[in-house]
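Here are a few exercises to work through with the model open in your viewer. Try each task before reading its solution.

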Amino acid sequence: MSPSSDAQASSPADVLGFEPGQIVQELGYDDDVDLDLRDAIEDSIDADLEDEDCQEIVDGVVLWWRDGDGDLVDALVDALTTLAEGGPVWLLTPKAGRDGHVLPATVQESADLAGMRAMGTMSLAPDWSGTRLASRAA
């Protein structure tokens, strides 16, 4: 997925497609996440991100994932637990050359095994790329 010229003029958080009033769950938070991107997402939904303890149905999920975090398939299946039908999962991974980089083939295979499909990947922050994942049913 390539951002359009309109998307390039907006913040990376705007490209994620979240809107004010939506509930977005954040998984995989650690001290290496991009705080500017997190703040921009919270600004776009006009609320705080929900943590892994959220039991509400959510409109989208932001999953920070690094090589070595465990089983990506399990994490993606878990991300679907409270996700509303048709809601996106944004898988955020360190860019190539950064600690914790996840190979694109691993993302693709894990998404497939979790019953999802990768819709595209883009740069969202200096050290992070985002891959939009959708349920196969969507």
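**Exercise 1.** Work out which hand the crossing of α4 and α5 has, and which residues make the contact.

Solution. α4 passes α5 in a right-handed crossing; a crossing is right-handed if the near helix is turned clockwise from the far one by less than a right angle, and left-handed if anticlockwise. Next, the residues: Leu72, Val73 and Leu76 of α4 meet Thr106, Val107, Ser110, Ala111 and Leu113 of α5, with contact meaning heavy atoms within 4.5 Å. Helices here are DSSP runs of H or I with at least four residues, strands are runs of E with at least two, and both are numbered from the N terminus.

Before going on, some ground rules. This is a predicted model, where local features need pLDDT of at least 70 and side-chain atom pairs count only at pLDDT 80 or more, while totals for chains, interfaces and linings use all residues. Residues are numbered from 1 along each chain as its sequence is written, and side-chain values use heavy atoms, leaving out hydrogens and water.

**Exercise 2.** Find the strand order of the open sheet and name its edge strands.

Solution. Start with the order: 5 strands run β1-β2-β3-β5-β4, with mixed pairing. Two strands pair if DSSP finds at least two bridges between them. The edges are β1 (24-27) and β4 (116-125), each pairing on one side only.

**Exercise 3.** Explain why β2 counts as largely enclosed.

Solution. Count first: 5 of the 5 residues of β2 are buried, so the rest of the structure largely encloses this strand. Buried means under 20% relative accessible area, exposed over 50% and partly exposed in between (1.4 Å probe, protein chains only). Then split by face: Gly60, Val62 and Trp64 lie on one side, Val61 and Leu63 on the other, and all are buried.

**Exercise 4.** Is serine 44 buried or exposed, and which residues does it contact?

Solution. At 10% relative accessibility, serine 44 counts as buried. Its side chain has a polar atom 2.7 Å from the backbone oxygen of isoleucine 41. Finally, leaving aside neighbours within four places in sequence, serine 44 is in contact with Asp14, Phe18, Glu19 and Pro20.

How values were computed
A polar contact is a pair of N or O atoms within 3.5 Å; within protein, one must be able to donate a hydrogen and the other to accept it, and residues adjacent in sequence count only if both atoms are side-chain atoms.
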